[in-house]
Amino acid sequence: MDSEKKIIGRCPLCGGNVIKTCKGYRCEHNIGDNPSCALNINGIIGNRKMSDDEITEFLAEGRIMLDGFSTKEGKSFSTMLELADDGAVNMQSVIGKCPRCGGDIRVGARAFNCSNFSSQENQCNFSIWRNIGGHQLTLTEAREICEKEMTTDELEMFRDDGTVYRKRLGLSPDKLQIVKI
Ligand SMILES: [Zn+2]
Ligand SMILES: [Zn+2]
């Protein structure tokens, strides 16, 4: 009899181990007849297979931004997954507030976009490219630009000839674009 289990991370609800099962990922305290925890994450979310590493990050951070989800109609999309207090996994495409107009900033495949881009009375083109200078912006960095108008850390970016440089990304004074600072 083999009782070895693969531990993927720590349960944010109860602190127990989250283990890999045939259907996904489950808290060790959510097994048996009288489970004391509700955490049970499906291995396939939005028609997309989750990797063990993604679940590890998701458990540690409580959220993760991912590409490659698809609708029933086969249209692909990017979104953030958020873990609710009751252990439910919610799709949340809004990652922050637009620093220019206060609208919602949503994850797109290539950029974080203000949701007022098609608004009649409050039109706003604000967006942050997800790839800037060869650096793939993380969710945390995008949220920092929205909330604090600048990334906390300098980011590693690349010139045409391959040389590396480090700059923060932040808002231009007119808040119209993203600049290297
Ligand atoms: Zn648990
Ligand atoms: Zn806006």
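**Exercise 1.** Which residue of S13 does Ala-111 stand opposite?

*Solution.* The model is predicted. Start from the sheet: four strands form an open arrangement in the order S10-S11-S12-S13, with antiparallel pairing. S12 covers residues 111–114 and pairs with S13 through three bridges in the antiparallel sense. Within S13, Trp-129 is the residue opposite Ala-111.

**Exercise 2.** State which strands stand at the edges of this sheet and why one side of each is left without a neighbour.

*Solution.* Take the strand order S10-S11-S12-S13. The edges are strand S10 (94–97) and strand S13 (127–129); each has a single partner strand, so one side of each lacks a neighbour in the sheet.

**Exercise 3.** Identify the donors of the zinc ion (ligand 1) and classify the geometry of the site.

*Solution.* The donors are the SG atoms of Cys-11, Cys-14, Cys-27 and Cys-37, at 2.2 to 2.3 Å. Four donors count as tetrahedral if all angles lie between 85 and 135 degrees. The angles among the four donor atoms here are 96 to 117 degrees, and the site is tetrahedral. For reference, the ideal angle for four tetrahedral donors is 109.5 degrees. Along the sequence, the donor residues follow the spacing C-x2-C-x12-C-x9-C. Cys-11 belongs to the loop between S1 (7–10) and S2 (17–20), while Cys-27 belongs to S3 (24–27), so this pair ties together parts 16 residues apart in sequence. Both Cys-11 and Cys-27 are buried.

**Exercise 4.** Trace the pairing of S3 with S2 and S4, using Arg-26 as a reference residue.

*Solution.* On one side, S2 and S3 run antiparallel and are joined by three bridges. These two strands form a hairpin with three residues between them, and Arg-26 is the bridge partner of Ile-19. S3 is also joined by three bridges to S4 (residues 40–42), again antiparallel. In that pairing, Arg-26 stands opposite Asn-40.

Conventions: Residues are numbered from 1 along each chain as its sequence is written. Chains are lettered from A and ligands numbered from 1 in the order in which they are written. This is a predicted model: local features need pLDDT of at least 70, side-chain atom pairs count only at pLDDT 80 or more; totals for chains, interfaces and linings use all residues. Side-chain values use heavy atoms; hydrogens and water are left out. Donors are N, O and S atoms within 2.8 Å of the metal (3.2 Å for Na, K and Ca); water is not among the atoms, so sites may look incomplete. Four donors count as tetrahedral if all angles lie between 85 and 135 degrees; four count as square planar and six as octahedral if opposite donors are over 155 degrees apart and all others between 65 and 115; anything else is irregular. Buried means under 20% relative accessible area, exposed over 50%, partly exposed in between (1.4 Å probe, protein chains only). Two strands pair if DSSP finds at least two bridges between them.
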